[in-house]
Amino acid sequence: QVQLVESGGGLVQAGGSLRLSCVVSGSIFSITTMGWYRQAPGKQRVLVTYITSSGTTIYSDTVKGRFTISRDNAKNTVYLQMNSLKPEDTAVYYCNPLDSDYWGKGTLVTVSS
């Protein structure tokens, strides 16, 4: 059984920063590509970034240059450093082993203008 627990969300002003964390239970973490998704109010969940087991990272154009994904395999944790936040970044953020059906409860990020 794989469980994911996201944390680190909150309310921040535009231009501010937040760091999200996702702790993953289970032995799959070190061999799994991990992604961060977000779901804005009234919209579908979308993938914003992912990191492979070897550390290769990919970002959507909407967050490239502002967000940084990283992972600590020893801690079974994936991080999302979010800088220069914009009101349009407001969403619930979820981590996910890519192409799996494992989801946590997410963490809410609210960016005020």
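**Strands, sheets and one buried serine**

Modeller: Val 92 in β9 is the bridge partner of Gln 39. This is a predicted model: local features need pLDDT of at least 70, side-chain atom pairs count only at pLDDT 80 or more, and totals for chains, interfaces and linings use all residues. Residues are numbered from 1 along each chain as its sequence is written, and side-chain values use heavy atoms, with hydrogens and water left out.

Biologist: What makes β4 and β9 a pair?

Modeller: Two strands pair if DSSP finds at least two bridges between them. Strand β4 (residues 34–39) and β9 have six, in the antiparallel sense. So they pass.

Biologist: How many strands and helices are there in the protein?

Modeller: Ten strands and zero helices. Both are DSSP runs, numbered from the N terminus: a strand is E over at least two residues, a helix H or I over at least four.

Biologist: Which order do the strands take in the sheet of six?

Modeller: β2-β10-β9-β4-β5-β6, an open sheet with mixed pairing. Its edge strands are β2 (10–13) and β6 (57–59), each pairing on one side only.

Biologist: Why do β1 and β7 stand at the edges?

Modeller: The other open sheet, of four strands, runs β1-β3-β8-β7 with antiparallel pairing. β1 (4–7) and β7 (67–72) each have a single partner strand, so one side of each lacks a neighbour in the sheet. Inside that order, β3 (residues 18–24) and β8 (residues 77–82) pair over six bridges. Arg 19 has Gln 81 as its bridge partner in β8.

Biologist: Why does Ser 100 count as buried?

Modeller: Buried means under 20% relative accessible area (exposed is over 50%, partly exposed in between; 1.4 Å probe, protein chains only). Ser 100 is at 18%, so it counts as buried. Ser 100 lies in the loop between β9 (91–97) and β10 (107–112). Across the protein, buried residues make up 42% of the 113 residues.

Biologist: What lies 3.2 Å from a polar atom of the Ser 100 side chain?

Modeller: The backbone nitrogen of Tyr 102. A polar contact needs N or O atoms within 3.5 Å; within protein, one must be able to donate a hydrogen and the other to accept it, and residues adjacent in sequence count only if both atoms are side-chain atoms.

Biologist: How do you know that the radius of gyration agrees with a compact globule?

Modeller: The radius is taken over C-alpha atoms, and the globule rule is 2.2 Å times the number of residues to the power 0.38. With 113 residues, the rule gives near 13 Å; the protein has 13 Å, so the two agree.
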